[in-house]
Amino acid sequence: MKLVISDAHEGIKASVARVLNTTWQRCRVHFQRNALAHAGKSSRRVVSAFIATAFAQPDHAAAKAQWRNVADQMRGKLPRLSGLMDDAEEDVLAYMTFPHQHRTKLNSTNPIERLNGLTCPPRNPSP
C-alpha cells in the first residue's frame, strides 16, 4: 500500500502514519466542501474554480506553486480559507507525487463512496 485517501479524520491520519507507514491523501472533494464553507455563497463558484487551477497543473511542483498563489491571493478577503489551504497543502496535493496516469483515480474517495452506495443496502432509520 502506497497511499490512503480519506477525509481529514485525525484517527485515520494517525493510523495511516503509525500502522501502515504510508502516505495519506486528503480527499479532494471533501477538502473542496470544507473550503467552500469559508467562502460566501456569492463567491463559492469563483473560489472553487480558483482552487481547481492547482489540481489542473501538470506536476507536483507546479501544483504546489499554484496552490500557494491561490492561497496568497485569497488571504486578504478570505483569511480563514487561506489558513485552511496553508494547513492542507501537503495533504491535498499528495496524489500529485504519483504517476500522471494514476492521478484521476487517486484524488478522491468519491468512486469508493459511489460503489458502496450501489452495493450496500440502505440503512433503515430507527423509528
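Helices here are DSSP runs of H or I with at least four residues, strands are runs of E with at least two, and both are numbered from the N terminus.

A word on the source. This is a predicted model, where local features need pLDDT of at least 70, side-chain atom pairs count only at pLDDT 80 or more, and totals for chains, interfaces and linings use all residues. Residues are numbered from 1 along each chain as its sequence is written, and side-chain values use heavy atoms, with hydrogens and water left out.

Back to S82. Its relative accessibility is 0%, so S82 counts as buried. Buried means under 20% relative accessible area, exposed means over 50%, and partly exposed is in between, with a 1.4 Å probe and protein chains only. The S82 side chain reaches the backbone oxygen of A71 at 2.7 Å. That is a polar contact: a pair of N or O atoms within 3.5 Å, where within protein one must be able to donate a hydrogen and the other to accept it, and residues adjacent in sequence count only if both atoms are side-chain atoms. Leaving aside neighbours within four places in sequence, S82 is in contact with A71, M74 and R75. Contact means heavy atoms within 4.5 Å.

Now the whole protein. It has seven helices and two strands. From the N terminus on, the order is β-α-β-α-α-α-α-α-α. Of its 127 residues, 35% count as buried.

Next, helix 4. Its 15 residues, 60-74, should span 21 Å at 1.5 Å a residue, and the end C-alpha atoms are 21 Å apart, which agrees. The expected span is 1.5 Å times one less than the number of residues. Which residues of helix 4 are buried? They are A63, Q66, W67, V70, A71 and M74. These cover an arc of only 135° around the axis, which puts them on the same side of helix 4. The arc is that of the directions from the helix axis to the C-beta atoms. On the other side of helix 4, A61 and Q73 are exposed.

What do the buried residues pack against? Helix 2 (28-36), helix 3 (44-55) and helix 5 (79-92).

Now the rings. Rings of Phe, Tyr and Trp (its six-membered ring) pair if their centres lie within 6.5 Å; planes under 30 degrees apart count as stacked, over 60 as edge-to-face and the rest as tilted. The count comes to two aromatic pairs. F31 and W67 have ring centres 5.3 Å apart and planes at 45°, so the pair is tilted. F31 lies in helix 2 and W67 in helix 4, so this pair ties together parts 36 residues apart in sequence. Both F31 and W67 are buried. The rings of F55 and W67 have centres 5.9 Å apart and planes at 55°, so that pair is tilted. It links F55 in helix 3 with W67 in helix 4, 12 residues apart. Ring pairs link F31, F55 and W67 into a cluster.
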